[in-house]
Amino acid sequence: MPSTEIVNVSEYEELARQKLPKMVYDYYASGAEDQWTLKENRSAFERIRFRPRILIDVTKVDLSTNVLGFNISMPIMVAPTAMQRMAHPDGELATARATAKAGTIMTLSSWSTSSVEEVASVGPGIRFFQLYVYKDRNVVAQLVRRAERAGFNAIALTVDTPRLGRRESDIKNRFALPKHLTLANFEGLDLGQMDKTQDSGLASYVAGQIDRSLSWKDVKWLQSITELPILVKGVITAEDTKLAIQNGAAGIIVSNHGARQLDHVSATISALEEVVQAAAGRLPVFLDGGVRRGTDVLKALALGASGVFIGRPVVFGLACDGQQGVEKVLQMLRDEFELAMALAGCTKVSDISRAHVQTEVERFHAKL
């Protein structure tokens, strides 16, 4: 199927599967162990029903919103995805250009194949920097300083990865970063001796340097070295939401790492409302995982998310058509979200309410 005939973002995945080397496609597409959570991230959306309102003037539908004080064109943002030059020679630079053109936020993975400086060089844009905490805190401090100097606007601290999940396709494929690519943000940094454990195909990279002792005190430490707001990425429970608030997080990203860490955790859309209720409006809550349709965005916002982050569809669009592929992915999701809002009777993002959706639990109780 030519990319000109693509009508939804899921069709890019099949095209990317045909186009990419198996090792690369599997790295992007796969989840942990039995991949139950990978499937559930999608199927949980399907169990949520809409309660649309009718006879509302939807001549104009405004998708714009504000995230951490930044005005963006829509509540659809780009999640951090590692090593994008494996998908396309322009990698993260193409994604950065497309995201800025769409008027929304890009999150750059610290395991990117383009550096923060290279991404900044493509022009202005609102950009967040995803960060892991390494055993050597000096490495962390260097990365944060470089992101600050490059004009990044927030830190997305990933907290669900004290160790890498078991991604069996990476093990089978003996995943390794292609020799012509590097993890650009680590060039020139002293990482010490790499830990050569065999937990995952990524073990020969900086994964071995992630600090397993990471705790809430490190979130406090990170605040002491940067003025940038810190989003805690990887929260899926009320208990951790309350701790994130106590420890000064600027926001929470409900994420299960694209179902690549602990298998059999809830889908992010299923965990969202618990986190939103615990946050009680004290900080914004975002959703990452499983979003493939504009209707998914509407469901997430109805359940209390302030916005969503898109990961795999962006990489698959990039693999197929570079910058234009990413632009098309973001445009398709935008168009679907605008239509879903209109059909639900919402003319602006603040119109979207909990009353617009019914969950499986609510349907069950309604039958009793």
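The exercises below, each with a worked solution, concern a predicted model.

**Exercise 1**

Describe how helix α3 packs against helix α10, and state which residues make the contact.

Solution. 
1. Two packed helices are described by the angle between their axes and the distance between the axes.
2. For α3 (residues 36-46) and α10 (residues 268-279), the angle is about 70° and the axes lie 7 Å apart.
3. Angles of 65 to 115 degrees count as roughly perpendicular, so α3 and α10 are roughly perpendicular to each other.
4. On the α3 side, the contact is made by E40, N41, A44 and F45; α10 contributes T268, I269 and S270.
5. Sorted by class, the contact of α3 with α10 has three nonpolar, three polar and one charged residues.

**Exercise 2**

Find the cavities of 30 Å³ or more in the whole structure, then characterise the largest cavity by volume and lining.

Solution. 
1. Rolling a probe the size of a water molecule over the atoms shows where empty space is left.
2. The search of the whole structure returns one cavity of 30 Å³ or more.
3. The volume of the largest cavity is about 40 Å³.
4. Its lining consists of Y132, V133, T158, V159, D160, T161, P162, I210, D211 and L214.
5. By class, this lining divides into six nonpolar, two polar and two charged residues.

**Exercise 3**

Solution.

Technical notes: Residues are numbered from 1 along each chain as its sequence is written. This is a predicted model: local features need pLDDT of at least 70, side-chain atom pairs count only at pLDDT 80 or more; totals for chains, interfaces and linings use all residues. Side-chain values use heavy atoms; hydrogens and water are left out. Axes are lines fitted to C-alpha atoms, for helices over the stretch in contact, and angles run from 0 to 180 degrees between N-to-C directions. Helices (H or I, at least four residues) and strands (E, at least two) are DSSP runs, numbered from the N terminus. Angles under 35 degrees count as roughly parallel, over 145 as roughly antiparallel, 65 to 115 as roughly perpendicular and the rest as oblique. Contact means heavy atoms within 4.5 Å. Ala, Val, Leu, Ile, Met, Phe, Trp, Tyr, Cys and Pro count as nonpolar, Asp, Glu, Lys and Arg as charged, and the others, Gly among them, as polar. On a 1 Å grid over the protein atoms alone, a cavity is a set of points where a 1.4 Å probe fits but cannot get out, and a pocket is an open set with protein on both sides within 12 Å along at least five of seven lines; lining residues have an atom within 4 Å of a point. Grid points are joined across faces, edges and corners, and a volume is the space filled by probe spheres set on the points.
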